[in-house]
Amino acid sequence: QAQLVESGGGVVQPGESLTLSCSTSTFATFSLNYYGVGWFRQAPGGQREWVSCISRDDDRATYGDAVWGRFTISRDNAKTTVYLQINHLQPEDTAVYFCAAGYWRGGDYCARSAGEYHFWGQGTQVAVST
């Protein structure tokens with residue numbers, strides 16, 4: 001069973017915005033506030049692409065080049081939910097979006113490789129269509 005759950009996906013038109021959420025599922029064996037959290041996406045027929053990450057200790061955000069300036073990652077104050085705000089959606093943003101949690105030695109570190117993450121959600125679909 002997935003230990004993370006994503007929500008907030010949907011069908012939108014180009015230029016619109018969405019906010020995706022990531023939190024632990026009822027099967028989770030850990031607390032999200034002790035982990036760095038990343039977002040990945042996978043378009044139909046494509047490979048999983050790293051999108052963004054927020055670090056564990058200082059909430060430092062990093063972004064992939066393809067989304068820089070349009071995506072914003074954040075946590076709530078209790079650090080139990082991580083959000084990915086997506087502005088100015090474009091058809092090429094159509095994908096299944098996954099969140100993942102990783103525990104790394106450095107509290108300000110953020111991984112870009114999927115293999116460095118320990119827990120995953122099942123994804124939420126974002127479709128941008130006219």
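# Exercises on a Predicted Model

The largest nonpolar core has 27 residues, and those with the most contacts inside it are Leu4, Trp39, Phe71, Val82, Leu84 and Tyr97. The model is a predicted one.

**Exercise 1.** Determine which strands each supply at least two residues of this core, and which strand gives the most.

*Solution.* 
Step 1. The strands that each supply at least two residues are strand 3, strand 4 (36-42), strand 5 (48-54), strand 7, strand 8, strand 9 (95-102) and strand 11 (124-128).
Step 2. Strand 9 gives the most to the core, with four residues.
Step 3. As a general background, nonpolar side chains tend to be buried together in soluble globular proteins.

**Exercise 2.** State the order of the four strands in the open sheet, and identify which strands stand at the edges.

*Solution.* 
Step 1. The order of the four strands is 1-3-8-7, and their pairing is antiparallel.
Step 2. Strand 1 (4-7) and strand 7 (71-75) each have a single partner strand, so one side of each is left without a neighbour in the sheet; these two stand at the edges.
Step 3. From one strand to the next, the twist averages 15°.
Step 4. Between strand 7 and strand 8, which run antiparallel, there are five bridges. Arginine 75 stands opposite valine 82 in strand 8.
Step 5. In general, the strands of a sheet pair through backbone hydrogen bonds, either parallel or antiparallel.

**Exercise 3.** Decide whether serine 21 is buried or exposed, then describe its surroundings.

*Solution.* 
Step 1. Serine 21 lies in strand 3 (residues 18-24).
Step 2. A residue is buried when its relative accessible area is under 20%. The relative accessibility of serine 21 is 18%, and therefore serine 21 counts as buried.
Step 3. Leaving aside residues up to four places away in sequence, serine 21 touches Val5, Glu6, Ser7, Trp39, Thr81, Val82 and Tyr83.
Step 4. Valine 51 is 30 residues from serine 21 in sequence, and their C-alpha atoms are 14 Å apart in space.

Methods: Residues numbered from 1 in each chain as written. Predicted model: local features only at pLDDT ≥ 70, side-chain atom pairs only at ≥ 80, totals over all residues. Heavy atoms only, no water. Buried < 20%, exposed > 50% of the residue type's maximum accessible area, 1.4 Å probe, protein only. Contact = heavy atoms within 4.5 Å. Pairing = 2+ DSSP bridges. Axes fitted to C-alpha atoms, helices over the stretch in contact; angles between N-to-C directions. Core = buried A, V, L, I, M, F, W, Y, C linked by side-chain atoms within 4.5 Å.
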